[in-house]
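Biologist: Please take a close look at the aromatic pairs and at the helix packing that goes with them. I would like the cut-offs stated along the way.

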Amino acid sequence: MSTGTRREVLGIGVGLAASGIMPGLSSPALATTRKIGYAVVGLGSYATRQIMPNFGGCDHARLVALVSGTPSKLEKYGAEYGIPQTHRYSYAQFDRIRDNPDIDVVYVILPNSLHAEYAVRAAQAGKHVLCEKPMASSVAECQTMIAACRKAGTKLMIGYRSRFEPYNRLAIELARGGHVGPTRLITAEHGFPIKPDQWRLDKALSGGGSMMDIGIYSLNAARYLTGEEPVEVSAVESTDRADPRFRSVEDRISFVLRFPSGVQANCISSYSSAHNGYRVIGTQGWIGLEPATPYTGQTMTIRKDGVTAPRTLPPPVRNQFAAQLDHMAECVLTGATPMVAGEEGLADMRVIEAIYRSAAERRTVELTA
């Protein structure tokens, strides 16, 4: 069992606070424009079960190419989605995407340690990049990705799907708008009992344990609900090293973030307990989402002036996956900057590195701008 807390100074870039609530750049003019072509890199379960099926709900994005190291997957999904042999690539052939004009955006859905390599190679091939979260395994890799896309003149967006989900967007609007009074406290807890024998439990591939996976939802929620960057962090790790799942990565991290306005966020990241939710507590009540960030089924409850009631939204025209894919496509078509650009992923990674150092070195913290 390991525990720790820590204090340290960390530079957080100005302007990295979560910005924007609505993803819609859609306009009638875009309806007559060709759809933006995506190549999906990595055909694991998230890509094949959540991302690829949702291209069918997009207005501006379409799936045009696949990249995988498994020939049987290329054959199966190529046939299912009508992807011709010329648009199916092995990893060894990846750089040939440069010569395919149908590919506008490369969506990197690989183990974390491979994000930077394939994002940089995609940019060098002249393609825009959508990359899954966490953006990379380190701050240095994030900075390399941003620099590569900037040099190539291509856009870089990170797959923060919850920013395109209606209940989370409403929570941002209500929290920042003072619906239950000024925010004083946020609680955010995300975790699940992880099954053994998967790449997320191999530090060389994942870069870490629960904090590099489910914990990012707690961290990112605290940032987007406040619209601020934390100025202080302290963290405690709790991991049973006798559990074979946790030979090289952590199980649970509890961390506290403090923001310039005085808001405190108490957060949990866990690979051994089941929770998914957050609560924004103000001077007049609270706004709660539980579950907050699943693929479907978000539930909102608001308590204000002594009255507790659910808040129900109509079904969205596009779910969070299709909305995310369309947002990147709309940015390519209009020249706009993605709402969750590479700087957003860099901001999270800076805090994650501080959380790990805090837990390891047992001191409490200051994060400076």
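Modeller: A search of the whole structure, which is a predicted model, finds 8 aromatic pairs, where rings of Phe, Tyr and Trp (its six-membered ring) pair if their centres lie within 6.5 Å, and planes under 30 degrees apart count as stacked, over 60 as edge-to-face and the rest as tilted. One of them is the edge-to-face pair of phenylalanine 94 and tyrosine 118, at 5.0 Å centre to centre and 75° between the planes. Phenylalanine 94 lies in the loop between strand 3 (88-89) and strand 4 (105-108) and tyrosine 118 in helix 3 (residues 115-124), so this pair ties together parts that are 24 residues apart in sequence; helices (H or I, at least four residues) and strands (E, at least two) are DSSP runs, numbered from the N terminus. Phenylalanine 94 is buried at 0% relative accessibility, as is tyrosine 118 at 7% (buried means under 20% relative accessible area, exposed over 50%, partly exposed in between, with a 1.4 Å probe and protein chains only).

The rings of tyrosine 224 and tyrosine 278 are also edge-to-face, because their planes stand at 80° with the centres 6.5 Å apart. Since tyrosine 224 belongs to helix 7 and tyrosine 278 to strand 11 (residues 275-282), the pair ties together parts that are 54 residues apart in sequence. Tyrosine 224 is buried at 2% relative accessible area, and tyrosine 278 is buried at 3%. Elsewhere, ring pairs link Tyr46, Tyr295 and Phe321 into a cluster.

Helix 7 (residues 215-226) also packs with helix 9 (residues 342-361), at an angle of about 115° and with the axes 11 Å apart; axes are lines fitted to C-alpha atoms, for helices over the stretch in contact, and angles run from 0 to 180 degrees between N-to-C directions. The contact (heavy atoms within 4.5 Å) is made by Ile216, Leu219, Asn220 and Arg223 of helix 7 and by Glu344, Ala347, Asp348, Val351 and Ile352 of helix 9.

Helix 5 (residues 166-176) is mostly covered, with 9 of its 11 residues buried, among them Tyr167, Arg169 and Leu170. The buried residues of helix 5 pack against several elements, including helix 7 and strand 11.

As for conventions, residues are numbered from 1 along each chain as its sequence is written, and side-chain values use heavy atoms, with hydrogens and water left out. Local features need pLDDT of at least 70 and side-chain atom pairs count only at pLDDT 80 or more, whereas totals for chains, interfaces and linings use all residues.
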